[in-house]
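Please consult the sequence and structure shown here.

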There are 2 protein chains.
Amino acid sequence: MKVFSEGANRGPDPTDDKTGNSRAPASNARALPTLDALFEPRSVAIIGASADPTRVSGRPVQMLKDAGYAGQIYPVNASRDVVQGLKAYRSLGDINAPIDLALISVPAAAVEQSLHECCRAGVGAAIIFGSGFAEVSEAGRSAQEHLARIARAGGVRLLGPNCMGMFNVASRAYVTFSTVFASNWPEPGNVGLVSQSGAFAAFCFARARLEGLRLSYGVSTGNEADIDFADCLEWLARNERTRVVIGFMEGFRDGAKLCRAFEVARAHGKPVVILKVGRSPLGIETAKSHTAQLSGEDQVYDAVFARYGVHRAQTLDELFDVARLAASGAMPAGKRLGIVTVSGGAGVLMSDSCWRHDVDVPSLPDTAIARLRTRIPFATVHNPIDTTGIVLDDRTLLPDLLATLSGEGGVDAVAGFYAGMGVSDAAPLMVSSLTAAAAAYPKVRQIACTLATPEVRETLWAAGIPVFDDPERAVSAFAALARIGRHHAQASIEARPAPVPLALPVGTHNEYTAKALLRELGIHTPQEHVAQTPQEAARAAEAIGYPVVVKVLSHALPHKTEAGAVALPLHTSAEVIAACERMLPPNNPALAGVPVEGLLVARLVRGTELIVGLHRDPVFGAIIMVGLGGIHAELLQDRALALAPVGPQEALAMIKTLKAYAVLAGARGQVHADLTAAADVVSRLSAALLPDGLSGIEINPLMVGAAGDGACAVDALVR
Amino acid sequence: MKVFSEGANRGPDPTDDKTGNSRAPASNARALPTLDALFEPRSVAIIGASADPTRVSGRPVQMLKDAGYAGQIYPVNASRDVVQGLKAYRSLGDINAPIDLALISVPAAAVEQSLHECCRAGVGAAIIFGSGFAEVSEAGRSAQEHLARIARAGGVRLLGPNCMGMFNVASRAYVTFSTVFASNWPEPGNVGLVSQSGAFAAFCFARARLEGLRLSYGVSTGNEADIDFADCLEWLARNERTRVVIGFMEGFRDGAKLCRAFEVARAHGKPVVILKVGRSPLGIETAKSHTAQLSGEDQVYDAVFARYGVHRAQTLDELFDVARLAASGAMPAGKRLGIVTVSGGAGVLMSDSCWRHDVDVPSLPDTAIARLRTRIPFATVHNPIDTTGIVLDDRTLLPDLLATLSGEGGVDAVAGFYAGMGVSDAAPLMVSSLTAAAAAYPKVRQIACTLATPEVRETLWAAGIPVFDDPERAVSAFAALARIGRHHAQASIEARPAPVPLALPVGTHNEYTAKALLRELGIHTPQEHVAQTPQEAARAAEAIGYPVVVKVLSHALPHKTEAGAVALPLHTSAEVIAACERMLPPNNPALAGVPVEGLLVARLVRGTELIVGLHRDPVFGAIIMVGLGGIHAELLQDRALALAPVGPQEALAMIKTLKAYAVLAGARGQVHADLTAAADVVSRLSAALLPDGLSGIEINPLMVGAAGDGACAVDALVR
């Protein structure tokens, strides 16, 4: 027996059938166990355990002892019978008892042998701390893959190499070597931590301990030869002790697997907050040089996180802030915030924060305002409420204000700026007011922005009230958690369009062949004709009806406008002929040497220009993009990405995130564009299955007419 | 005698002649003393001093005593001889000794009488805590202005009303009533604090004390009947004990005065960091309802801060972070950062931060890289340097790395991520390595990102090394301080163009009259002619030369394109006549009822479109704006503002801050625009003195040709 027959994670699970846990085993391997053996070990063997607790191979023994680990500790040492006061074993085979977790802490040359022993002994999971593998060289990568194959064949889950291990705060299993952990063992909590970086995991542990944020489990996945970020995230998402999962990530190889893990978290209502680094050119370069991750395009991660309701933290502070709010109480039902401050200035500051983070601050009902105005005549009582200093003189005021805001304010949380009350003799007033409000209005979260002594902090925490030093950070955390909550509350993600396989066009690709692909997807293109002479173009124009546009067709001409190969608007056959002659060589020097494949005559279509593209990301597969068209908008990077395919509703939501949405929605005398039609095009393009020879297809511009007039792909490009 | 004859601030001062301190007194007033009496009082009288230390009027007496204030404390109480153990006086007149500072802590009805007494007694400065003045009603405003007049006439500087007073940490003068101050008196430092909000000032004091950030002075200015934010900022900027000034501001009435204070700070090399709230609609609304400030347009504050090298903090954290870095050591000479981390992941995080905040991370020289590679073969050694865990085993490594980065890295600071070292048994290694590097390379700031015990924090601080929990915040603070330093290092601000008075055009204003104003400023406009008939327009077009543009002129038609009142390009006289007829009523229904003032025929000018505008801000006066033209760019709010006038260099710098700068600079096949000409136009327009009838003038578009081709105002509008 090596894994739990009934672990904490083994309740009924609606998503079990679609997740990585039940993936098909490799042909020559046994079915893989869950990660219970890693996260909830009832016994830990330390292979290579040193008698010296200051050494990497001695520290885990000392930590497990010192922390009071409740399970069995089996030091394995080839030459000692006792290690740090514990009975030691010459080999794993000598233990003769079930071993859930083995720590392989031996010189590099002996690692493989130890892993074979783990397989023979039926160990559930093994951890390799050592570095010098895939992060260093190709030879290291080969050695690492060899270890992974051994583990897989032997049915052992493998954590590492190049990692800092794991810890389980409740069972006090600290299977790690960082000196940060030693002593001062924290109380267990409900925040699970997954980090690809070991030092970062240790730092988070220490910082959480200092700030009183309580963790449940933590794990560093290192080189991810077997167990990876997604595995751990999914296990923590299913874990009953864990309410929120925070993660540190540099990149991930298997996009689909990561998405499955996020979906499990969503299905279990567990907020996930991730600090994903490698956003900048230097960051990506730095990441490459110290890990073996294929990182994929950073902006695509934003799209993935958005789809699964994962909050991407920009900073460590933010990671902790959202975790603190999520860990201390229920998810807020919405994004409506009540604000009470003992300083009018802080009220302005927090109003700005709400605006920045798209948090609603509903006004109090008139009756409540009228009543409060009799109590604090000089103060602002709409929401934000400024209590002024009177709150210290009239001790019934703060409880009343909090009850009014919570009970009548129509808010999902109340953030209060209590300045230094939590370190002054007014602390009891603040604490009793807050805990009373929290108890009386359990659906409204109370958030305290105050300086606070550890005791005040602890008392508030026990009542489900987190404390923040900086009101901006409190508002930002509330906004993030409310956003996650809205995402989780969606009954289901919109049904997505069925994939439409596209045939790879024969020969070279130009605008005309690209548009043929679009028509296969049901996307409108203008009425058009390929002519071979100016005269034929003029005849085609007569047939199509004026005004028309004429363009020179060539697979070697991606930027036609810059090359003077587009003429519009043309109103007569004479204009068409003149334009054709002007655009073609020898009259147009920009086209010297460019193979001309015809003259495309098309009905002129007007509207607002969008750009819509589908491309293949190496990690996450097909990605759909929509942005405002035109070179300016493109340079301004005003675009939205999503995992393809998207339904029309999600496509519309993407369009609404554009900075230029105001233009599309009819601001400043602009006609309201047919966004329904635009979203339909985005959705249809997103459903295309790109054939192997194509890396992407782009509509630029999609001409969007006024509401009801549809959208039309005026130009297109395949890559 | 009521002010210092030789105060700390009375050294030679190159800027004395231009600042508010020497402003002309009101005609019926004595010359106003400096604020020495407020900030460095040698004696404090408390008018209305209560025997009860828990009351607002008793607390200052207790605090002054308890803190150990070194000066004279004079309680004034009409009915007691002793107050809280101190000899009390029946009236101010009974004191018979110089009184630098008087605190008026009496009921509202008695305030005026007390202020008169202060004038008679020759008090230097008086503080009024009480609220209920301009922040409440017009009657309150009148009462407040009355008090200000009394003080001014009597030569007494007045702080408040509706404020929380001031504190001087070195002399332990705590003339305030907030309970946050009481007990646990901090050591004096070099960070000066000015806050319009009293509660905020108290909160900052408490937070600084908790975090070990040491303040020099703090003041809350409240309603600013006399002493205002700019006065205090300027005094602190001249103060020798103060190295950096932090401020909290909601708005300011006198833009020119604030600018003078910023310039004094700049001239004295004192960094200024301000948290200016009231950015959002709700924030502005909230600010209005609790203070009496005329706030001005928020974006204009950004422009003002940018001109004077003032850093605008977005959050409290940021305010403190920049202060911490500035207070702990010298200004960095540039924005080049060395990064060393004990976690590769943190190196990626910090690389992202540097990119986000425009911080340079220069690579180490090859020789240094080669040497380090022999020491840590598995690690990244370019900068960022990832030490890996070896740093704990080889204790000579960290000192070597820091010395190499500091000595050979060509950096202005080294930010190290030391994870939990500061709370582990590796703390001495970290501290000794950092202090050695700081001592050996005094021009390179050392910044520690680590968890740290108070002792470690204190030891590092003493060596000029600040500690940050969050590496992102360390990088952000470094970026801010480096930016301030660059600004201070500029020998002088560019000479600005002399103002050019504009004559208000007679009658109604349309595009043609607006362009006439531009020509007065030396700004090019296209060759053009106002015609009254289509036929005259055609003749004008023949004279000008094709292609031309024809527009309908009307003072009532600000958006001509939307009204179909612009035709271009026109190549023949027939086209001109046809276009005129199409654009005019009755053929153009959009112009029904619009008074037509002519047909403007102009040579068609092509180029990149900018928008350039000059408008009057109620607080700061003339503001110049430049942005990318076209409706999309306008809606995207891609614009730069500056205080007018600006020289051509500053104008060019404004253009370079635009998101669309890449378009102008020739990205993606675009022609490099004539930015010199564009900057010249911005500078010329900025020099215009708007006549009283005009609130603004706008060029939209300014058509910028290719480099060398100049820029031309194609359309213009006066408001």
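Helix α20 (residues 573-583) of chain B has Val576(B), Ala579(B), Cys580(B) and Met583(B) as its buried residues, where buried means that 20 or more other C-beta atoms, placed from the backbone, lie within 10 Å of the residue's own, and exposed means 12 or fewer. The model is predicted: local features need pLDDT of at least 70 and side-chain atom pairs pLDDT 80 or more, while totals for chains, interfaces and linings use all residues. Residues are numbered from 1 along each chain as its sequence is written, and chains are lettered from A and ligands numbered from 1 in the order of writing.

**Surroundings of the helix**
- Ala574(B), Glu581(B) and Arg582(B) are exposed on the other side of α20(B).
- The cover over the buried residues of α20(B) includes α19 (534-544), β22 (548-553), β23 (566-570) and β24 (598-603) of chain B; helices (H or I, at least four residues) and strands (E, at least two) are DSSP runs numbered from the N terminus.

**The sheet**
- An open, antiparallel sheet of four strands runs in the order β21-β24-β22-β23 (chain B), with strands counted as paired if DSSP finds at least two bridges between them.
- β21 (528-531) and β23 of chain B are the edge strands, each with a single partner, so one side of each has no neighbour in the sheet.
- Between β22(B) and β24(B) there are six bridges in the antiparallel sense.
- Val552(B) is placed opposite Leu599(B) of β24(B).
- Helix α18 (residues 511-520) of chain B packs on the sheet and touches β21, β22 and β24 of chain B, its direction making about 115° with that of β22(B); axes are lines fitted to C-alpha atoms, for helices over the stretch in contact, and angles run from 0 to 180 degrees between N-to-C directions.
- α19(B) also packs on the sheet, touching β21, β22, β23 and β24 of chain B, at about 15° to the direction of β24(B).

**The two chains**
- The contact involves 77 residues from chain B and 77 residues from chain A, two residues being in contact if their C-beta atoms, placed from the backbone, lie within 7 Å.
- On the side of chain B that touches chain A, α11(B) gives the largest share, 10 residues.
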